[in-house]
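Colleague: I am new to this structure and would like to learn how to read it. Please show me the model, and then we can go through some features.

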Amino acid sequence: MITYRVVLLVGLLIYSTLSSKAQEVDGSALFTTNCAACHTIGGGKLVGPDLNGVLDRHNKAWIFRFIRESQSMINEGDEQAVAVFNENNMIPMPAIPLSDIEIEAILEHISSKGEDTIETKLIDEKEKESIKPYTSGNSKRKSQAAQNTSIREGMLIGLWITLIATTVMIIGIAYALKKHPPHKRKE
Ligand code: HEC
């Protein structure tokens, strides 16, 4: 009787800890994966402008939309978007479909700036050349593939552990139900 409760409790505990870990968004990692190929924070211009102080240049709603669909904004003639586009040799920024939470985390990382400055400076000229933004985001993703593998692997391991924890929990519940079938209502 005690066994099933323990199994259930342990399963639940592992599940809740791990699933909350899996959902944590790391602005710094997201920036490295999605933005660092073209942007620095205080390290100067790469393919795109230095994002240091970007929150002072544009409002949040503008930045959110720009990250997801800068091209539509430029096509619509949004003044700020057109200006940024022209200032950057008309190199389009690829649309990056991130969630609100992810963009929020990236912006937080940008305003707490500096952390990535040394790392982003290490992106050498060769890599910059290999990133051809004109051919959409794919080439950039490839060039960053190695860098991203470790992050992906970590996420995969997390997912597996969550899956195992869920299984343990389900077994616990099944065990409990078998031992103590729900009382049938008397007709
Ligand atoms: C493939 C290169 C590339 C990647 C990757 C990229 N950008 Fe850009 N970004 C640009 C370019 C180029 C511009 C200049 C605007 C234009 O030409 O449309 C720009 C402009 C911007 C601007 C406007 C900056 C300003 O000073 O007005 C913001 C904000 C921005 N990017 C955020 C991001 C964020 C956040 C990410 C990651 C989620 C990201 N970008 C990923 C190339 C890129």
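Colleague: In which helix is the place of Ile67?

Modeller: Ile67 sits in helix α4, residues 60-76. Helices are DSSP runs of H or I with at least four residues, strands are runs of E with at least two, and both are numbered from the N terminus. Before going on, note that this is a predicted model, in which local features need pLDDT of at least 70, side-chain atom pairs count only at pLDDT 80 or more, and totals for chains, interfaces and linings use all residues. Residues are numbered from 1 along each chain as its sequence is written.

Colleague: How many helices and strands does the protein chain have?

Modeller: The protein chain has 10 helices and zero strands.

Colleague: Is Ile67 buried or exposed?

Modeller: The general idea is a count of neighbours: a residue is buried if 20 or more other C-beta atoms lie within 10 Å of its own, exposed if 12 or fewer, and partly exposed in between, with C-beta atoms placed from the backbone. Ile67 counts as buried because it has 20 C-beta neighbours inside 10 Å. Of the 187 residues of the protein chain, 18% count as buried.

Colleague: Which residues does Ile67 touch, not counting residues up to four places away in sequence?

Modeller: Two residues are in contact if their C-beta atoms, placed from the backbone, lie within 7 Å. With that exclusion, Ile67 touches Ile96, Leu98 and Ile103. Ala95 is 28 residues from Ile67 in sequence, with 6.1 Å between their C-alpha atoms.

Colleague: How do α4 and α5 pack?

Modeller: Two packed helices are described by the angle between their axes and the distance between the axes. Axes are lines fitted to C-alpha atoms, for helices over the stretch in contact, and angles run from 0 to 180 degrees between N-to-C directions. Helix α5 covers residues 79-87, and its axis is 10 Å from that of α4, at an angle of about 75°. The two helices, α4 and α5, are therefore roughly perpendicular (65 to 115 degrees; under 35 is roughly parallel, over 145 roughly antiparallel, and the rest oblique). On the α4 side the contact includes Trp62 and Phe66, and on the α5 side it includes Val82 and Phe85. Its residues divide into seven nonpolar, two polar and no charged. Here Ala, Val, Leu, Ile, Met, Phe, Trp, Tyr, Cys and Pro count as nonpolar, Asp, Glu, Lys and Arg as charged, and the others, Gly among them, as polar.

Colleague: What about α2 and α6, at what angle do their axes cross?

Modeller: The axes of α2 and α6 cross at roughly 95° and come within 8 Å. So α2 and α6 are roughly perpendicular to each other. In this contact, Gly27, Ser28, Leu30 and Phe31 of α2 meet Glu102, Ala105, Ile106, Glu108 and His109 of α6. Four of the residues are nonpolar, three polar and two charged. Ser28 is partly exposed, with 17 other C-beta atoms within 10 Å.

Colleague: Which residues have the most contacts inside the largest nonpolar core?

Modeller: In soluble globular proteins, nonpolar side chains tend to be buried together. A nonpolar core is a set of buried Ala, Val, Leu, Ile, Met, Phe, Trp, Tyr and Cys residues joined through C-beta atoms within 7 Å. The largest one here has 18 residues, and Phe31, Cys35 and Ile106 have the most contacts inside it. Two or more residues each come from α2, α4, α5 and α6. The most come from α6, which gives four.
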